[in-house]
Amino acid sequence: MTPSARTQAAIELLDQIIAAARDSGAAADTLIARYFATRRYAGSKDRRAVRDLVYAAIRAVGERPPTGRSAMLALAASDAEVAATFDGVGHGPAPIGKKEVTAATGIAPRWIIDRLYGSDLDEADCAALIDRAPLDVRINRAIDEVIAIEGAEPIAGLADGLRLPSGTQVENLPAYNHGAIEVQDAGSQIVTLAARAQPGQRIVDLCAGAGGKTLALAAVMRGEGVVLATDTDRNRLSRLAPRAERARAGIIESRLINPGRELEMLDDWIGSADCVLIDAPCSGTGTWRRNPEARWRLTPDRIERLVETQRKVLEVGAALVKPGGALVYIVCSLLDEEGAGQVATFLAANPGWRAQSLDLPAGRRHGPGTRLTPAHDATDGFFVARLHHA
Ligand SMILES: C[S@@+](CC[C@H](N)C(=O)[O-])C[C@H]1O[C@@H](n2cnc3c(N)ncnc32)[C@H](O)[C@@H]1O
């Protein structure tokens, strides 16, 4: 592909990504994979170049832009090489007109930035939310294997964490294929430590998804006890079983639950868990480094609905914890209404619970919990609180 044809491909993809962000469609990565599945003429260099252009444009533009071309023009405004590809030659985009709409550059929609500022973040914190994310893995000690990955660096405070050089093809590493490493952001590994999982315990991972944190919990339990992974999304939860098998995590059970009927479907666990981990559905403002187009999807209504779901899952989780046990509440968002504020509301309504202080290898105290941010901790953004049941 010529440089101009690559720009045109990026514009077409951005149009799809903008529509998906508006209509709750597929993630940018999925759309990019689908696009190239039907364009076999594009080689690996072309794919990488188009992908880089698409993500550079998404990062540059804070508000959802009207068109892919307007987003690419925003990139062209600060990059002469990109601007030169608007040449109208062959499959290239038409030359830039005098009165064309160029999308505004920025970090995120103004209303979200205001809420982030209102949650004690400053300009540098907000800017770091759309940096490029590093590639972190967790070593799975259940598999006896010496891990030697070129360029891997240890992560401070995480005995099982490694940061890999960007561009490392993890799926091609023997350690990955043997289940000896799992891709997991350092922040995600750190907040899971708040569960203080021990061999022999009974733990519920209530919003387990595909089981990133479930596997981390099972790994420290060394084959003793049980981790029950539950979720309302059949697709996500179904991805856990093969991962657990690959990681040789035999203590994981999974259960699909229905929203609104969670306690009915978990009645055998009521009042009996040593710990319930709730990695609640959230706006994901802390993970924009990995999914920068997520900030084009948010609306105040959507956040309001998420806050209500979080309130409900907290109620469900609390009912499962035994006296003396703990509830660990996590969101990968930095908005207080989803994190510190949500937990403060729970504590005010439930006098039998108190926040415990956390001794994590990263993060800073924030309200009743701890907050990790890309700017301060070089991890995804998280809020985590550990609540003790009297
Ligand atoms: C942040 S994701 C979980 C990510 C996962 N823990 C991990 O580490 O990869 C939140 C999950 O909550 C699930 N969820 C939404 N409503 C729920 C509910 N009422 N009960 C349980 N899970 C729910 C979603 O399907 C989603 O998989």
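I count a residue as buried if 20 or more other C-beta atoms lie within 10 Å of its own. By that rule, 44% of the 390 residues of the protein are buried. I note at the outset that this is a predicted model.

**Entry 1, overall form.** I looked up the secondary structure and found 16 helices and 13 strands. I then checked the radius of gyration. A compact globule of 390 residues would come near 21 Å, and the protein has 22 Å, so the value agrees with that expectation. Along the principal axes, the C-alpha atoms fill a box of roughly 70 × 45 × 35 Å. For contacts with a separation of 6 or more, I read that 73% join residues 24 or more positions apart.

I went to the UniProt record next. The entry, which is unreviewed, places the feature "binding site" at D231 and D279. These positions are spread over 49 residues of sequence, yet they cluster in space, with a largest C-alpha distance of 10.4 Å.

Which strand holds D231? I found D231 in strand β6, which covers residues 226-231. I counted 24 other C-beta atoms within 10 Å of D231, so this residue is buried; the cut-off is 20 or more. I set aside neighbours within four places in sequence and listed the contacts of D231: C207, A208, G209, R236, L237 and L256.

I located D279 in strand β8, residues 273-279. Is D279 buried or exposed? D279 is buried, because 25 other C-beta atoms lie within 10 Å. Without residues up to four places away in sequence, D279 touches C207, K213 and I330. I note that C207 is among the contacts of D231 and also among those of D279.

How many residues surround the ligand? I read 19, and the closest are C207, G209, G212, D233 and D279.

I then asked which elements each supply at least two residues of the shell. They are α10 (212-221), β6 and α14 (300-320). Strand β6 is the one that holds D231.

Last, I sorted the shell by residue class. I found eight nonpolar, five polar and six charged residues around the ligand.

Note on methods. Residues are numbered from 1 along each chain as its sequence is written. This is a predicted model: local features need pLDDT of at least 70, side-chain atom pairs count only at pLDDT 80 or more; totals for chains, interfaces and linings use all residues. UniProt positions are given in the numbering used here, feature names are shortened, and annotations may be inferred rather than shown by experiment. Helices (H or I, at least four residues) and strands (E, at least two) are DSSP runs, numbered from the N terminus. A residue is buried if 20 or more other C-beta atoms lie within 10 Å of its own, exposed if 12 or fewer, and partly exposed in between; C-beta atoms are placed from the backbone. Two residues are in contact if their C-beta atoms, placed from the backbone, lie within 7 Å. A residue is near a molecule or strand if its C-beta atom, placed from the backbone, lies within 6 Å of it. Ala, Val, Leu, Ile, Met, Phe, Trp, Tyr, Cys and Pro count as nonpolar, Asp, Glu, Lys and Arg as charged, and the others, Gly among them, as polar. The radius of gyration is taken over C-alpha atoms; the globule rule is 2.2 Å times the number of residues to the power 0.38.
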